Structure formats: C-alpha cells, structure tokens
Amino acid sequence: MSYVDAGYAAALGTMLVYAVTLVVRRRRWERALKMSEPAAEPDGAPVRGEPS
Amino acid sequence: MTEQVIVPRRPRWLDVVGILGIVALGFTVWLGLWITPPDVVQGNLARLLYVHPAVATVALYWAGGVAAGGSLLYLWPRTRSFFWDRLAASAVEVGAVFSALTLVTGSLWGRPVWGVWWTWDARLTSTALLLLLEIGYLALRRVPADLDVRAKRCAVAALLVAVDVPIVHFSVDWWNTLHQGGTILDPGFDLHVHGIMLWTMGLSFVAFTLVFVWLLGVRYQVEVLQDAVGDQELEVSLSERWGEDADLVSVAGGRAPHGSGGAA
C-alpha cells in the first residue's frame, strides 16, 4: 500500500467509523430516553422524545 | 439557570447535507486518485493534498470556530442557552477527530517528502497540542456536575483551546518551520494550484465541510439526548423521593403503627 492509499484509507475509514459510531450512539440514547419516560403521559403533554 | 431538555425533531436538511457530503467525497476521491495528473515535483504524493489541507481546515477553522463561537455565546448573558454549549461540545469532539486525521495524513505525506514521520516543528507541535487540548475538554465535560456548571467551565475550557488556533495558523510565519506556508494562497493571495488540481482541492474543501456539518448535527443530537435522559432520570428520582416523603408524612399523620409517636 502506498502512502497515498494509506492517507485516503485513514481519512475515509476514520470518518466512516466515527459516523457509524455517532448513529449507533444516537439510536442508543433515543432508546434510553424512551425507556426512562413515564409509562403513561397525559394527553396534550409536551412531546419529549424523538418522533418516529 | 435550568431549563427542561426538549429533544427536537431530526432535521430533514441534515440528511440532505449527509448525502451531498458522501457524493462530494466520492467525486473528490475519484478526481484525486484517478483524474488529476501527478505533480511535477512530488509525483503522486501530491494526491494527499486533496485530503490533508481540507481536513486541517475543518479541524482548525470550522470546528475551532464553532467551539469558540458557541462558548462565547453561552458565556454572554444575553445569548446564554444550552444550545450553544451543546453545539460547542459537539464541535470539539468532531474537531478532535479531524485534528487526529490532520496529524495522521500529514505524517503520511511527511514521511516520503520530508523523510520523517514526525518532527517537533512549530506547525506540527501546535496541532498536536490542539488535539491534546480537545481531549482535555472532552475529559472535563465528563466530570459530573450540574448542567449550567458544566456548561460554564466547558465554555472557559473551549476558549483556552481556541487560543491555540491562531498559534497553529501563524506558526509557519512566526517560526522557521519545515512545514510550508500557505498551500493554496501565499500572503500576497497568489494561487499556487491551478486547473483540475485547483478544482479538485476546492471540491475537497466542500466535501469535508459538508461531512463536518453532518457529523456536527448528529453529534449535537446525541448531546441533546444525553442531557434529556439525565433530566428524565433526575425527574424520576425526584418524584420517587417525593413519593417516599408523602408516605412518611401520611405515616406520621395518623397511621403510625402501635403508637410509635411519629416519623423521623
């Protein structure tokens, strides 16, 4: 592998891994938020979660 | 200052930015690796310059600017909002990734051109210091504290990180460095790159900027969700505590068994 290939692979690979990590983190926190919400919200209460 | 954490809807424009970023990045790689000619002096190694300067620009100016601007706007009482604090924190994390990539891609270019992976050159050292400061900021952010206390100390820390940004920028002017001066423009605004090479470089700046905006947007959503979960858990704990207190009051107020005389 040349230095050029290594540079492109490092840049694109790192960004891909970081992007996937962020999306996974976002999904995990969305799930955690849903779990921590009170079981029954009264009608008309402010929406406090990610709309599906 | 406290405020209820409201999780906003996922903005549609962020998906558009992400798709545009991927397309622009694809074109940059295609042009950079296959279409542009080799450089007269550096040969194929010049192809790394379609990545490294753009990544460094994002790390230094875009991420550094958002982090410093967001922190200043948080510290300024008239504009104080957790939006700015979360935006600054997101920018520092994304900026740290780009700072690390700046060092890695620069090193991969420096080894064959300079003959060394690393040298204690002013530009390299100040960029490494930037990465260390960003990691320090992220460590500070993980220290448990009230949201506003955390926001204030992180804003101050981000401004300290920002002090390094002009040092990195002017390091090639202030000191004799191995690192060259302006890659595209010199101080007299004379272009050093032309033709398809210039267009590819321009596209690389657009592509990495779009990717940065997308990463920043998603990282911001993570930050909001983290705070919302913390807020929710606090509310549950408080309501449980209030429930316990109410039970204690009712016990003390008349249901005390065997005439024990009250509750603690």
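1. Of the 52 residues in chain A, 23% count as buried. This chain holds one helix and zero strands. The model is a predicted one, and the remarks below should be read with that in mind.

2. Chain A meets chain B through 25 residues of chain A and 33 residues of chain B. On the chain B side, α1 (12-35), α3 (82-114) and α6 (195-255) each supply at least two residues. The largest share of that side, 13 residues, comes from α6(B). By class, the chain B side that touches chain A consists of 22 nonpolar, five polar and six charged residues.

3. One helix pair across the two chains can be described in detail. Helix α1 of chain A, residues 3-36, and α3(B) have axes that come within 9 Å and cross at roughly 170 degrees. Angles over 145 degrees count as roughly antiparallel, and α1(A) and α3(B) are therefore roughly antiparallel to each other.

4. From α1(A), the residues making this contact include Tyr3(A), Ala6(A), Gly7(A), Ala10(A) and Tyr18(A). Among those supplied by α3(B) are Val97(B), Leu101(B), Leu108(B), Trp109(B) and Arg111(B). The contact of α1(A) with α3(B) has 11 nonpolar, three polar and one charged residues.

5. Within chain B, helix α2 covers residues 52-75, which is 24 residues. From first C-alpha to last, α2(B) reaches 33 Å, close to the 34 Å expected at 1.5 Å a residue.

How values were computed: Residues numbered from 1 in each chain as written. Chains lettered and ligands numbered in written order. Predicted model: local features only at pLDDT ≥ 70, side-chain atom pairs only at ≥ 80, totals over all residues. Helix = DSSP H or I, 4+ residues; strand = E, 2+ residues; numbered from the N terminus. Expected span 1.5 Å × (residues − 1). Contact = placed C-beta atoms within 7 Å. Nonpolar A, V, L, I, M, F, W, Y, C, P; charged D, E, K, R; others polar. Buried ≥ 20, exposed ≤ 12 C-beta atoms within 10 Å, placed from the backbone. Axes fitted to C-alpha atoms, helices over the stretch in contact; angles between N-to-C directions. Parallel < 35°, antiparallel > 145°, perpendicular 65-115°, else oblique.
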